[in-house]
Structure formats: C-alpha cells, structure tokens
Amino acid sequence: MGADRLIFGVLTIVAGLFGLFYASGSLDGYSYFVGLALFIGAVLFMFQLIKGHYDQQEKDSHK
C-alpha cells in the first residue's frame with residue numbers, strides 16, 4: 001500500500017465523518033442532504049481506493 005492511498009484514506013474517513021456530523025446537526029433539509037451526500041461520496045471513494053489497491057496487487061503478481 002502506497003503512502004498516497006493511506007493519506008487519501010485517512011482524509012476520506014475524516015470527510016465522511018464530517019458529513020455525518022454535519023447532517024446530524026442540520027436544521028433544514030438541504031444541509032441534511034449535503035451531509036449525507038458527502039458521507040456517501042466518501043464511502044464510494046474509499047471503495048475505489050480499496051479496489052485500486054487489490055487491482056495493483058493482482059497486476060504485480062502477474063509479472
């Protein structure tokens with residue numbers, strides 16, 4: 001695992017948690033939607049990081 005994936009992973013976790021806290025403290029529907037969208041985007045990006053890691057492992061094993 002590269003340092004760049006680790007840094008992006010940690011920042012994504014922080015952004016996802018921020019989105020959940022933002023949604024939980026919202027007073028209107030728009031803020032709630034923005035917070036949940038930020039969280040869902042962070043989860044999807046984290047899955048992409050995980051997929052990229054295993055794709056790289058598979059590519060390296062076939063050399």
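Predicted model: local features only at pLDDT ≥ 70, side-chain atom pairs only at ≥ 80, totals over all residues.
Residues are numbered from 1 along each chain as its sequence is written, and side-chain values use heavy atoms, leaving out hydrogens and water.

**Exercise 1.** Work out which residues of helix 2 are buried.

*Solution.* Start with the element: helices are DSSP runs (H or I, at least four residues), numbered from the N terminus. Helix 2 covers residues 29-61. Next, apply the cut-off: buried means under 20% relative accessible area, with a 1.4 Å probe and protein chains only. Ser31, Gly35, Ala42, Leu49, Gly52 and His53 are buried in helix 2. Finally, look for the cover: it includes helix 1 (3-24).

**Exercise 2.** Decide how Tyr22 is classed by accessibility: buried, partly exposed or exposed.

*Solution.* First, find Tyr22 in helix 1. Then recall that exposed means over 50% relative accessible area, and partly exposed lies between the buried and exposed limits. Tyr22 counts as partly exposed because its relative accessibility is 37%.

**Exercise 3.** Find what the side chain of Ser26 and the residue itself lie against.

*Solution.* Begin in the loop between helix 1 and helix 2, where Ser26 sits. Now check the side chain: one of its polar atoms is 2.9 Å from the backbone oxygen of Ala23. Last, leaving out residues up to four places away in sequence, Ser26 touches Ser31 and Tyr32 (contact means heavy atoms within 4.5 Å). Ser31 is also one of the buried residues of helix 2.

Conventions: Helix = DSSP H or I, 4+ residues; strand = E, 2+ residues; numbered from the N terminus. Expected span 1.5 Å × (residues − 1). Polar contact = N/O pair within 3.5 Å; in protein donor to acceptor, adjacent residues only side chain to side chain.
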